[in-house]
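Subject: Structure handover

Hello,

Please open the structure below and keep it in view while you read. My notes come after it.

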Amino acid sequence: MNCSSIDLKAYVLGELPESEKGRVAGHVRDCASCGEELERLNLTHLALASLREEEAPRRIAFVSDKVFEPRWWQRMWQSGPVMGFASAAVLACAILAHGFIRPAARQQVAAVDTAAVERQVNAEVNARLNTVVTQAVTRAVSDSETRQKRETATLLAAAEQKYELQRKYDLAAFQSNVDVLRKQTAQMYMASSGLEMRAQ
Amino acid sequence: MIFREVEDRDLIAKARRGDVDAYSILVSRWEKRIFNYLLRLVGNREEAMDLSQDVFLKAWQNLKKLEDAGRFSSWLFRIAHNEAFSLLRKNRPEVELTGDPTVADRGPRLFPVELTLAVERALTRLSDDQREAILLKVYQGFKFEEMAEILGCPVSTIKSRVYAALDLLKDTLAPVGARGVQ
């Protein structure tokens, strides 16, 4: 076999069919110069193969780029769950809109100032406590005065009754004394007048 | 590989119907290979990254023009080739191999990093066409016919570029390879 008909490079690069590979391998065993050439080519290929692949510094980023994204209506149209969710969302929005639009009393939710509310509550509680205490004190004083008046009146009535009885008793005693005195006076007068008549 | 091709076909079919998730999986499968191909070709990580983004963007925009989903890899590398050479033509003139191998003598055993540097240096001394031919053949494993499709050249031209590059690399890297595997 002629050395010029042997394609060692194609052999090393794996481009030969199986039938050719055997023919080249047989020739190389017998031909020293082709054997050396094959060794040099193998070493070259080995050196080239030692170069490792490098990792890309970052992932290809444009997958998230706008140009890759289908339009919103395409995504929605292609997705059954999204369509269902969108329908539910539209229904919920309609209910909410109805709730806001209907002429019901609108409640404005303002920001709650807890400190002010607390102050207001304390003031209200204090005011109510003062009122209740004042009313209780007033009622107690009034009851006490009433009770004292009633007791005083009772005592006074009892004293008046006592003094009236005493007066009546004294009056009766005085009257009795006066009657006695009048009787004595009359007796004395009678006695004196009897003496004069005897004297005449 | 058969399953991978079948899955790629399925993903491509979905992506052609506008399925972004399917295309995202395709990107994740191919981005490392495309990035490394572009990196070895242009020699700059940032430029390679930007080019990778452009490649996948153009692929997405033109996916419906891909007639045979089984040729997706060739088609994708064709886009990458066009993008890379557009940049190379804009950035710098053609760089030809000077033919002065610096690591020709056998010496002490090389560390892996030295071997890597030697290979990278040897690759940069090839012309852009030769380097691309080696990248597609050795690192991406394409057949000559597939390379011809990617690069839009006859198979004979491809073969000529690969063989010429191998001859040049052999002078530089055969001794290095020998020291590296001692």
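This is a predicted model: local features need pLDDT of at least 70, side-chain atom pairs count only at pLDDT 80 or more; totals for chains, interfaces and linings use all residues.

Residues are numbered from 1 along each chain as its sequence is written, and chains are lettered from A and ligands numbered from 1 in the order in which they are written.

Start with chain B. It has eight helices and zero strands. Helices (H or I, at least four residues) and strands (E, at least two) are DSSP runs, numbered from the N terminus. Along the sequence, the pattern of chain B reads α-α-α-α-α-α-α-α. Chain B has 182 residues, and 41% of them count as buried. A residue is buried if 20 or more other C-beta atoms lie within 10 Å of its own, exposed if 12 or fewer, and partly exposed in between; the C-beta atoms are placed from the backbone. Take the contacts in chain B with a separation of 6 or more: residues 24 or more positions apart account for 69% of them. Two residues are in contact if their C-beta atoms, placed from the backbone, lie within 7 Å.

Now the helix pairs. Two packed helices are described by the angle between their axes and the distance between the axes. Here, axes are lines fitted to C-alpha atoms, for helices over the stretch in contact, and angles run from 0 to 180 degrees between N-to-C directions.

Helix α2 (residues 20-42) of chain B packs with helix α6 (residues 128-139) of chain B at about 150 degrees, and their axes are 9 Å apart. The two are therefore roughly antiparallel. Angles under 35 degrees count as roughly parallel, over 145 as roughly antiparallel, 65 to 115 as roughly perpendicular and the rest as oblique. From α2(B), the contact uses B:N36, B:Y37, B:R40 and B:L41; from α6(B), it uses B:R131, B:E132, B:L135 and B:Y139. These residues divide into four nonpolar, one polar and three charged. Ala, Val, Leu, Ile, Met, Phe, Trp, Tyr, Cys and Pro count as nonpolar, Asp, Glu, Lys and Arg as charged, and the others, Gly among them, as polar.

Helix α3 (residues 45-61) of chain B and helix α4 (residues 72-91) of chain B pack at about 135 degrees, with axes 9 Å apart. That makes α3(B) oblique to α4(B). Among the residues in this contact are B:L51 and B:V55 of α3(B) and B:L76 and B:A80 of α4(B). The contact has eight nonpolar residues, no polar and four charged. The buried residues of α4(B) include B:W75, B:L76 and B:A80.

Next, the two chains together. 26 residues of chain A are in contact with 35 residues of chain B. On the chain A side, helix α3 (residues 32-49) gives the most, with eight residues. That side divides into 15 nonpolar residues, three polar and eight charged. Buried residues in α3(A) include A:L41 and A:T44.

Which residues does B:L166 touch, leaving aside its neighbours within four places in sequence? They are A:K9, A:L41 and A:T44. B:L166 sits in helix α8 (residues 155-180) of chain B. It counts as buried because it has 24 C-beta neighbours inside 10 Å. The C-alpha atoms of B:L166 and B:L126 are 9.8 Å apart, though 40 residues separate them along the chain.

Best wishes
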